[in-house]
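Reader: Let us go through this fold by question and answer. Keep it brisk.

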Amino acid sequence: MLTMLQRLMLVPLAIVFFAACTDGYPREDELIINPLELNQFQRLQAMNQLGQDAYPEITWRYRSLPSCILQMTVNSFESDKQTFSLHMLGAGVDISFNKADRVYGVQVQQREGESLEEQPILLSKTWVDAIEMSNLVRSFQMGCKPSAETESVNIAN
């Protein structure tokens, strides 16, 4: 049996032990979105939210066009606004990490003729954002309808 003095000595040790367990973990858990449970409109909303928040100097806006085309508008403080259209059917999605800038990138690789063209669709300081965008884009591809019947989905804030 422990004496009263031994119990009192264990209290600071227990406090230090349990406080150390929180090192490196966020104080609040972020809600992780399951993109498979979302419809195309909700996926685009989530993609646009990430595109606004993921990187401080650049914003991305995404829009769905017929025939599974993802239109992306990039607005950077360093250059003019640019708009790209990406054919998503059969395109690959990849995540990279730039060690020098400490930035994660999400790229879409589409086949243009005989070569692969790679287009960055998001930059982020966090791995979680890059994974979330990658999952959203892959789910967007799964929800695509390649026919001309596909509706255009535009989200404006």
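Reader: Which residue in strand 3 does Val74 stand opposite?

Author: This is a predicted model, with local features needing pLDDT of at least 70, side-chain atom pairs counting only at pLDDT 80 or more, and totals for chains, interfaces and linings using all residues. Residues are numbered from 1 along each chain as its sequence is written, and side-chain values use heavy atoms, without hydrogens and water. Strands are DSSP runs of E, at least two residues, and helices are runs of H or I, at least four, numbered from the N terminus. Opposite Val74 stands Gln82.

Reader: Over how many bridges do strand 2 and strand 3 pair?

Author: A hairpin of 5 residues joins strand 2 to strand 3. Pairing requires at least two bridges found by DSSP. Strand 2 (69-76) and strand 3 (82-87) run antiparallel, and their bridges number 6.

Reader: Which residues does Met133 touch?

Author: Met133 is among the residues with the most contacts inside the core. Contact means heavy atoms within 4.5 Å. Leaving out residues up to four places away in sequence, Met133 touches Met47, Leu50, Tyr62, Val106, Ile121 and Leu122.

Terms used. Core = buried A, V, L, I, M, F, W, Y, C linked by side-chain atoms within 4.5 Å. Buried < 20%, exposed > 50% of the residue type's maximum accessible area, 1.4 Å probe, protein only.
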